[in-house]
Amino acid sequence: MKYLIANWKMNSIDISKWKNDFENHHKEFKDNLEIIVCPNFIDLTECSEKFTYLSIGAQDVSSHREGSFTGQISAKQLLKATNKLKYCIVGHSEVRHKGDSNFLVREKSEQLINNKIEPILCIGEDKESLGKGERESFLLHQLNSYFENGSCPKLIAYEPIWAIGIGRAADQKNIKEALEIISKFLKYKKLEKIPLLYGGSVSAENIEEIMALSYLSGCLVGNSSLDGKEFARIAKKF
Ligand code: PGA
């Protein structure tokens with residue numbers, strides 16, 4: 001099975017236009033490709049009504065079940081927006097940057113699992129760690145903290161922070177090395193069945209080269225998912 005995720009982040013999308021553009025350029029749906037759209041909280045309901053043939057994911061969730069947490073949204077409330085909600089991203093670097101620790105990422109994941117929503121775990125090193133040759137310890141620290149309590153994500157996306165939103169994806173060598181580190185860890189934990197994805201400046205131009213890598217089961221796409229036509233061009237190459 002392959003996975004293609006659209007992470008719309010906080011961008012304003014005309015959902016009807018996106019749907020038309022996407023459908024006009026992507027007509028053949030394959031059974032072995034699951035396409036997941038992750039809009040902001042407000043657009044979850046509309047997306048789940050309009051995209052009956054796609055899966056729906058949220059971009060974030062509270063680590064708490066209920067209570068005095070101003071501005072937060074619980075896993076149960078996400079399901080109120082749409083009971084079709086299947087996934088939720090946790091540990092995205094933009095959310096970690098805002099303060100989410102590895103501990104919080106795991107807590108959020110547990111809330112999701114308790115509500116039968118599948119976590120999509122994002123991990124990835126920053127430029128400094130890469131430069132210092134500390135990528136392996138960085139990734140293993142994120143992984144060890146997450147898996148400490150037996151939490152298990154449905155998908156893991158390797159998203160090197162230095163390749164996100166810059167228009168140039170990480171090179172094959174770097175992606176391969178990181179995927180090997182993650183795969184080795186998962187094998188040791190007997191969790192090698194968890195599919196691995198790549199994210200960071202994926203586009204219709206580089207998707208084939210990226211997906212040529214073994215270990216890879218899909219991609220998480222930010223900027224190039226904002227336009228329905230561009231995203232359809234990526235989907236067609238799977
Ligand atoms: P990008 O974003 O495709 O714009 O680099 C990917 C992500 O942050 O998930």
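Begin with the ligand, which sits in the second largest pocket. Here a pocket is an open set of points on a 1 Å grid over the protein atoms alone, where a 1.4 Å probe fits, with protein on both sides within 12 Å along at least five of seven lines; a molecule sits in a pocket if more than half of its atoms lie within 2 Å of the pocket's grid points. The model is predicted: local features need pLDDT of at least 70, side-chain atom pairs count only at pLDDT 80 or more, and totals for chains, interfaces and linings use all residues. Residues are numbered from 1 along each chain as its sequence is written, and side-chain values use heavy atoms, without hydrogens and water.

Next, select the residues around the ligand (a heavy atom within 4 Å); among them are N7, K9, H92, E159, G165 and N223. A polar side-chain atom of H92 lies 2.7 Å from a ligand oxygen atom, and one of E159 lies 2.8 Å from a ligand oxygen atom. At G165, a polar backbone atom is 2.6 Å from an oxygen atom of the ligand.

Move to D60, in the loop between β3 (55–58) and α3 (75–81); helices (H or I, at least four residues) and strands (E, at least two) are DSSP runs, numbered from the N terminus. D60 counts as buried because its relative accessibility is 17%, under the 20% limit with a 1.4 Å probe and protein chains only. Its side chain joins that of K108 in a polar contact of 2.8 Å (N or O atoms within 3.5 Å, one able to donate a hydrogen and the other to accept it).

Finally, select α8, where I175, L179 and F185 are among the buried residues. Just after α8, K190 takes a positive phi of about 60°.

Note on methods: Buried < 20%, exposed > 50% of the residue type's maximum accessible area, 1.4 Å probe, protein only. 1 Å grid on protein atoms, 1.4 Å probe; cavity = no way out; pocket = protein on both sides within 12 Å on 5 of 7 lines; lining within 4 Å.
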